[in-house]
Amino acid sequence: MSFKEIAPEELKENAFKVIGKDWLLVTGAAEGKSNAMTASWGGMGVMWGKPVAFLVIRPQRYTKEFIDRAEGLTISVFGEDRRKMMSYFGSVSGRDEDKIAKAGLTPVEDNGRVYFEEARMALVCRKLYAQEMQEACFFDEESNVKWYPDKDYHTMYIVEIEKLLVRE
């Protein structure tokens, strides 16, 4: 199987399902190495006249170090048959083991960014904006208390979708 590139506005999938239910594998690559993590918070839309995705990453995540050093990142989406693998990527740190090799994934390099041959969809993205979330900016105190008891606020990234690849 191979991928075909489509325009972001041609995507027929529901972003709420893809992000919140299917989950994402966010991958950063820098200096010839890469690391990936599971994500289930984010969105897609239009910002500054460009097709974008936004996602959030906690400061202690190893993948964040790769994303911060790189010009971009990828977002890979897998089928339900890979749910166990996605849980693994969310529970083990790449500092401790080579998660990509252990999961048996085949990295595909695209302009310094890595996605996976086994994905059903991949977004190759360029960073546009990043900002650390701040306690003082919460209007909903309940969300602040529930999701940030340790005050380890996410960094929000807005990334331009340069390529959207789907299985043929």
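Leu24, Val26, Gly28 and Ala30 point one way from strand 2, whereas Leu25, Thr27 and Ala29 point the other way, and all are buried, buried being under 20% relative accessible area, exposed over 50% and partly exposed in between, with a 1.4 Å probe and protein chains only. Helices (H or I, at least four residues) and strands (E, at least two) are DSSP runs numbered from the N terminus.

The model is predicted, so that local features need pLDDT of at least 70 and side-chain atom pairs count only at pLDDT 80 or more, while totals for chains, interfaces and linings use all residues. Residues are numbered from 1 along each chain as its sequence is written, and side-chain values use heavy atoms, with hydrogens and water left out.

**Strand 2 and its partners**

- Strand 2 is mostly covered, with seven of its seven residues buried.
- Strand 2 and strand 3 run antiparallel and are joined by seven bridges, where two strands pair if DSSP finds at least two bridges between them.
- Alanine 30 stands opposite lysine 33 in strand 3, and in the hairpin of these strands, which has two residues between them, glutamate 31 takes a positive phi near 55°.
- Strand 2 also runs antiparallel to strand 6, to which three bridges join it; threonine 27 has threonine 74 as its bridge partner in strand 6.

**Helix 2**

- In helix 2 (residues 62–69), the buried residues are Tyr62, Thr63, Lys64, Phe66 and Ile67.
- The cover over the buried residues of helix 2 includes strand 2 (24–30), strand 3 (33–39), strand 5 (50–57), strand 6 (72–77), strand 9 (121–132) and strand 10 (155–167).

**Salt bridges**

- The count comes to 17 salt bridges, each being a side-chain nitrogen of Lys or Arg within 4 Å of a carboxyl oxygen of Asp or Glu.
- Glutamate 160 and lysine 50 meet through their side chains in a salt bridge (4.0 Å, N to O), which links glutamate 160 in strand 10 to lysine 50 in strand 5, 110 residues apart.
- Glutamate 160 is buried at a relative accessible area of 16%, whereas lysine 50, at 28% relative accessibility, counts as partly exposed.
- The side chains of arginine 58 and aspartate 152 form a salt bridge (2.9 Å, N to O); arginine 58 lies in the loop between strand 5 and helix 2 and aspartate 152 in the loop between helix 5 (141–147) and strand 10, so the pair ties together parts that are 94 residues apart in sequence.
- Both arginine 58 and aspartate 152 are buried.
- Lys50, Glu71, Arg113, Arg126, Glu160 and Glu162 are linked in a network of salt bridges.

Conventions
Contact means heavy atoms within 4.5 Å.
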